[in-house]
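Open your viewer and get ready to click along. Each stop below tells you what to select next and what you will find there.

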Amino acid sequence: MLRFIERHTFWAIIIVLAVAILLLLIFSVWPEWLISVIGRKKTFVITLLNGVTLAGLYFLVASGFTLVFGLMRNVNLAHGSMYLLGAYIGYEVSERSGSWFLGLATAFFAIALSGVLLQILVFRRMEKEELRQTLVTIGISIIAADLMLAIWTGTTYQFTPPDWLWGSSVLPIISVIKASGKVIYLKYPIYRLTVLAVAVLVGIALWLFLNRTKIGMMIRAGVNDRDMLSASGVNIQLVFAIVFAIGAGLAGFAGVIGGTALSIAPGEDVRYLLASLIVVIVGGLGSVTGVAIGSLLIGLAEQFGLAYFPTYGVVLTFLIMVVVLAIRPQGIMGER
Amino acid sequence: MFDTRRLFSGNVSISEIHPAKIILAVFLIAYPSFTSDFFTFQIGAYSLILGTIALSLMMLAGYGGMVSLAQMSAAGFSGYIMAIFGENSVAVMGFGWPWWLTIITAILCGALFSTIVGAISVRTEGIYTIMITLAIAAAFFYFVRQNYHIFNGFTGFAGIEPPKLFGINWRDPVPFYYLTLFLAAFFLWAVSHCSRSTFGLGLQAIRDNPRRMRALGYHVSWHRITAYFFSGLIAGTAGVLLVWFNGRISPGSIGVEVVIDILVIAVVGGIRSPTGPFLGAIVFVLLENFAIDLIDRERFNTVIGLVFLLVVLFSPDGLLGLWNRIYPKIRFRRSVRTNGGRTQWDDSVSSG
Amino acid sequence: MLVMLKKTLATALLLSLANLAIAQGTIKMGALATLEGAFTVLGEDGMRGVKMALNEFNYSVGGKKIQLITGSSDASPDSAIRAARKLVEQDGVQVLVGPLSGSEGLAIKDYAKTKPNVTFVNGTSAAQDTTLRKPAGNFFRFSTDGAQWMAGLGEYAYKVKGYRSVAVLAEDYSFPYTQVFGFLEPFCRLGGKSSADARFWVPIGNKDYSSVIAALPDDVDAIYVALGGADSVNFLTQYEQSGGDLPLVGGSITVDQSVLGSKGRTRKFIIGTPAAGPISDTWNDPRWDKFVADYKKQFPDGFPSPSLFAHGYYVNTKAALLGLQNVGGDLSDGGKKLRQSLSSLVFDTPTGMVSLDERRNAIADIFLTEVIEGPGGNLVNKTIKVVPQVSQTFGLQYEDFLKYGQVGRENPRCE
């Protein structure tokens, strides 16, 4: 970080200023003129928090996607189906066993297993044919979506997470001070904060895994040059299988986490696939930091769009993608 | 396909055209005479329209190595332009321009859309192109669904009809079928011809090795964008036909599922050859219409997905590639039989 | 490839020959519903309604057998047209019942104009313009439209509940526009207010309402929520979690049985929410009770109680069958006598008497309900009142009603 500040001093100052203004906006009491310009403080701060927590969810979903691409150059367009399947499996398990955590764990391992099987049985035979692999994932996603519709029908399912994760909490942020002098604090759902916390934990865990373990070192080397890695004696198929397992498992895990917040129904697979695509295009394929930045941008854009311009808010995220592509086609943190 | 130079030099004879092609042509032209209106219109004309859109995708993917999922969006955009500048029954937009002007505008708008998509995605390659064009197609879908002033949002437009020319109502099954057949055949010929032209060969060379072409002095990006333009013309024309076929257009016509369907059609049919997309379209349309009678209609998507998956896994050149591999074996066996034991490797296998 | 084509052609030829053979003493009826995609569950219930009506007539009318042929769409107008075309042109149906969703209905109406010798009867499609503007002479709707479904609710909210200003939260497409119009028009006429920036139109398919909830104004008396099914469940959950405490007013599918009965924490805060629609699960009337009992007996694997989709398809199919009975099953004139009979048909249904206006749209009873806590501690809808014989123009003259304009994001304006 110090090096970043040294080399890009101008940008560093801008970022510090922006963060300071943001903190001021969040914690101070808003004067009248500000409210008439932007709207109520409650709307702004809650939308901001929603954007950040949604970014956490997008990070969980898209990090698996970018890992698989970074190392294996395989654009897994069945990623959304894995998300949805993980959610359904987690739902069934948590309903029958009564434990939400068990459902969460089962989703992770079940989808991770499916990822490993896919890699060993299908993709291994198509190495270097990236287009063909992508087409296979499209076919799998079509079939999976239809079969899931057949098994679980079009009904929407709701999870029942433990009570201490649910309900609303009071944040130490002032919403408004009424004329009587009474201070109203903001209320915010606990679960969304949990999603953010989980995303941060997973992000740190991924970073540690990639940067402080031996396998992580192999993966990073493989992202740079796959053939050299295999030439140096590493069992590259094992590394591929591990990466696909983690990537797919993360998708299933995110399925339960996201499904608890926003319920599961057919169509969620396409939605999260598109979201992952945009996050990863904006952030840069193959980079976990890029996914973090991309999901923050997209999450905030989506929520601010919904709150302030609901009519065209949906298109805003795509506009960001087009702008990034025009200026920096490899994404913000991507390498050519 | 026959060589046009020799065609115009007067040296070609009927016997040089592969007999299967003549039979197919006769079958297609005589088709309405022995089938019901439903088959002519909903199966025949619809397959030809879908096949044409898939042809525009095949041209970019097979010859250019760029799988653009936004061709269906280009076709949809041209359909919307027909509704906006022509006449529609929803009382939104509908400027009532003369029919020839609306058609030309619509086709050019489709081409423009495709060119813009090309300009955005030209710096990407291979799988990146799929992702970016899919996102663009989704963006266009969402925009069109939310905007009521121009595109009439969720409801879309209805009441779009072809003009009545020469006393014929072109919306009737038989004339419409011949219209789509003529245009499909024209584009088929155009794409095949183009693939052997300097432009087409350059495009295929760029697909195989862009760096070398750049070193040779070709402007790779412009070449690709021009390819997008031509394929946009094809998609735009198909879009006009599609909006006449349905008589309406709405966001559902250009949703993500439909966009993927076009990819499925092109790949299943065979992405290396211009006749592939039409083959895929016929299979798709027949399955869609008759799956409810033969299998469970509800699992239509599973069936189509399975067919797609099997084709990609075992015959990446599609059904046409499968045929090309089986066909020599059949001819081989036949030659063996007729020549009384002496094997003869018959080399005049058509390349499809 | 040619072989496969030939085989399929042969099968189709055989099927059509078989059709011809039984044609002599048979009437072919087509039923079109959303049997694919996410709305399959609703379409299946619609089909149950069709079969219930046919069972009442024992699948025969005027001495002729009725052959039911099903068509399937995925709620998109294009697929509905294709399915209808197959039913009419390939399978040769003479009466078509359907479709299910509003935008499909608009498309089928246009298609009906091109097939004047086929009689089209609605399923449950509830867009206003299907019969209000440029109706088709052979399209009959014995079920009410989305605006009619809101009859009585606006007055109830203003006079009985005492609300004077409401915010609106609904999905951004035609069916919610119609519902909002049906609610706000009488509410605003009485003096109520709902400004344009208190109306939140969320994109279709959006499940995350937290930012919208944060943007809701707190100086309104109530929120009119026109979301359906799972979206409604999501909204209620998220609203409670954000600490929202404004009273709600529901659309026809916002607080229906599926929402009240969904799993999760009981939502005591929606007790007292009024809503309106074409049916009410707890109406104490022998006709409705018999309908529910028949439904449960014939379809033990269906819903606990028939949905408005089963009801709508049932009423429309029954009307078609009554019409066929009146003409003795005679469709030799291309159905002209049948259509005349249908135009003047008046009959009793599980929800009251139904008749048609000049544009062949239904005049029927509407039910006003409110959520109460039931005997077992669960939530049920209590029928408050039955609004009798609501017409599409709400009693106004046709030309006057047209002046309201088409439903949209800002219709009606009441600042």
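Helices (H or I, at least four residues) and strands (E, at least two) are DSSP runs, numbered from the N terminus. What you see is a predicted model, where local features need pLDDT of at least 70 and side-chain atom pairs count only at pLDDT 80 or more, while totals for chains, interfaces and linings use all residues. Residues are numbered from 1 along each chain as its sequence is written, chains are lettered from A and ligands numbered from 1 in the order in which they are written, and side-chain values use heavy atoms, with hydrogens and water left out.

**Stop 1**

Select Y59(C), in the loop between helix 2 (40-56) and strand 2 (60-61) of chain C. Although Y59(C) is not a glycine, its phi is positive, at about 55°. Is Y59(C) buried, partly exposed or exposed? Buried means under 20% relative accessible area, exposed over 50%, and partly exposed in between (1.4 Å probe, protein chains only). At 27% relative accessibility, Y59(C) is therefore partly exposed.

Now pick R360(C), in the loop between strand 13 (352-356) and strand 14 (362-373) of chain C. R360(C) is not a glycine either, and has a positive phi of about 65°. R360(C) has a relative accessible area of 16%, so it counts as buried.

Next, look for two cis peptide bonds. One runs from G98(C) to P99(C), with omega near 0°; P99(C) sits in the loop between strand 4 (95-97) and helix 4 (102-113) of chain C. Another runs from N411(C) to P412(C), again with omega near 0°, and P412(C) belongs to the segment after helix 14 (398-402) of chain C.

**Stop 2: a buried arginine**

Select R339(C) in helix 13 (residues 336-343) of chain C. A salt bridge is a side-chain nitrogen of Lys or Arg within 4 Å of a carboxyl oxygen of Asp or Glu. For charge, Lys and Arg count as positive and Asp and Glu as negative; His and the chain ends are not counted. R339(C) is buried but has no salt bridge, and the nearest side chain of opposite charge, D333(C), is 6.7 Å away. Contact means heavy atoms within 4.5 Å. Leaving aside neighbours within four places in sequence, the residues in contact with R339(C) include P116(C), N117(C), F140(C) and G334(C).

**Stop 3: where chain A meets chain B**

Show chains A and B together: 39 residues of chain A are in contact with 35 residues of chain B. Buried area is the accessible area (1.4 Å probe) that two parts lose on being put together, summed over both. Here chains A and B bury about 3,200 Å², 80% of it on carbon and sulfur atoms. How many salt bridges are there between chain A and chain B? The count is 0. Among the elements giving two or more residues to the side of chain A that touches chain B are helix 4 (41-72) and helix 7 (130-152) of chain A. Helix 7 of chain A gives the most, with 15 residues.

**Stop 4: where chain C meets chain A**

Switch to chains C and A, where 27 residues of chain C are in contact with 36 residues of chain A. The buried area is about 2,600 Å², and carbon and sulfur atoms give 50% of it. This pair of chains has 2 salt bridges. One of them joins E268(A) and K207(C), at 3.8 Å from N to O. On the side of chain C that touches chain A, helix 8 (210-215) and helix 9 (229-241) of chain C give two or more residues. Helix 9 of chain C gives the most, with 6 residues.

**Stop 5: more charged pairs**

Side chains of opposite charge can pair when their charged atoms come close. Over all chains, the structure holds 23 salt bridges.

Select E92(A) and R96(A), whose closest N and O atoms are 2.6 Å apart in a salt bridge. The two are 4 residues apart in helix 5 (residues 79-97) of chain A, so about one helical turn separates E92(A) and R96(A). E92(A) is partly exposed at 21% relative accessibility, whereas R96(A) is exposed at 70%.

Finish with R248(B) and D78(C), a salt bridge with closest N and O atoms 3.9 Å apart. This pair crosses between chains, from strand 4 (residues 248-249) of chain B to helix 3 (residues 77-90) of chain C. R248(B) is buried at 6% relative accessibility, and D78(C) is buried at 6%.
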